[in-house]
Amino acid sequence: MLKQFIISIGSLKVSKDFMLKYRLWEGWESMRWIHISFVFAAIFFGFKMLGIIGSAFSNLGNLISGDFENIKLGMTGGAFVSDWSFVKSDSYKYLFLFFTMSIVYHIGGRAMEILYNIPYRPNFKFFVKSQIRTAIVVMVCFILEQVFSGISSMALGLIGFKWLQPASDFIIQSFLFGAILLDGLHEVRGWKVNHGIKHSFKFYSGIALFYGAIGLILSYIPILGLILVSTILSVGILIAIKRIEALSY
């Protein structure tokens with residue numbers, strides 16, 4: 001796993017240069033369905049985060065005035081309904097990933113064409129098919145997180161290490177986040193969802209953990225996180241897999 005971490009770091013460092021060299025963003029302006037997905041995601045997460053930011057300023061004013069009774073963790077009006085429970089909820093990262101994968105379809109598709117000689121199919125039919133699979137993968141990983149977190153909670157409780165639960169949850173979430181980013185490659189190789197997740201765990205667990213952990217952190221940054229995960233991270237993880245496979249054969 002240490003070797004995979006080292007390779008992941010190196011791959012992340014060159015992912016930006018790879019994108020610039022091959023201009024992976026070119027051509028996506030002609031695909032309106034991706035634009036619509038991105039705009040919807042930007043508006044949705046932007047409003048939610050603005051709600052939290054607005055709440056923070058409101059709370060600051062209440063703190064200065066000494067009005068402690070009105071300090072709240074969110075806004076309660078209109079489109080800005082938001083609080084930290086939204087960000088901390090189990091579904092947040094999976095909603096984020098679902099919308100992110102619409103951009104990964106183009107950026108990742110072009111990167112796979114260059115790295116793996118897999119034909120990129122930029123049409124609506126294959127995009128819809130890919131998004132349906134993404135929804136299935138996201139749902140499966142959401143369920144797996146609940147199962148594995150429950151098992152780890154019971155195990156840690158039995159041996160008296162319950163205080164390690166947050167770290168255990170983060171590791172589980174990171175791997176599943178990375179596994180979803182990897183699923184695009186599994187999809188074009190013709191693997192089923194369960195096969196892809198098992199393959200990631202068996203052969204690419206270090207890569208999935210590394211990129212998943214970074215992706216989790218970036219997911220809490222409005223707009224910028226969405227862009228970085230769907231570009232730099234999605235390209236870096238494909239480069240890392242390519243390098244691992246080159247060393248294995």
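This is a predicted model: local features need pLDDT of at least 70, side-chain atom pairs count only at pLDDT 80 or more; totals for chains, interfaces and linings use all residues.
Let me start with helix α4, where 21 of the 25 residues are buried, so that this helix is largely enclosed by the rest of the structure; buried here means under 20% relative accessible area, exposed means over 50%, and partly exposed is what lies in between, with a 1.4 Å probe and protein chains only. Residues are numbered from 1 along each chain as its sequence is written, and side-chain values use heavy atoms, with hydrogens and water left out.

Staying with α4, which covers residues 92-116, there is a kink of about 45° centred on Val104, where the bend is the angle between axes fitted to the seven residues ending at a residue and the seven starting there. Just after this helix, Asn117 takes a positive phi of about 60°.

For the overall picture, the protein chain has 9 helices and 2 strands, these being DSSP runs numbered from the N terminus, H or I of at least four residues for helices and E of at least two for strands. Along the sequence the pattern reads α-α-β-β-α-α-α-α-α-α-α, and buried residues make up 47% of the 249 residues.

Leaving aside neighbours within four places in sequence, Ser8 is in contact, meaning heavy atoms within 4.5 Å, with Ile207, Phe210, Tyr211 and Ala240.

Gln4 also has its place in α1 and counts as buried, at 12% relative accessibility. A polar atom of the Gln4 side chain lies 3.0 Å from the backbone nitrogen of Gly206, and the residues that Gln4 touches, not counting those up to four places away in sequence, include Phe203, Ile207 and Ile244.

Turning finally to the surface, Met154 lies in helix α5, residues 124-158, and is exposed, with a relative accessible area of 57%. Among contacts in the protein chain between residues at least 6 apart in sequence, 78% join residues at least 24 apart.

Conventions:
A polar contact is a pair of N or O atoms within 3.5 Å; within protein, one must be able to donate a hydrogen and the other to accept it, and residues adjacent in sequence count only if both atoms are side-chain atoms.
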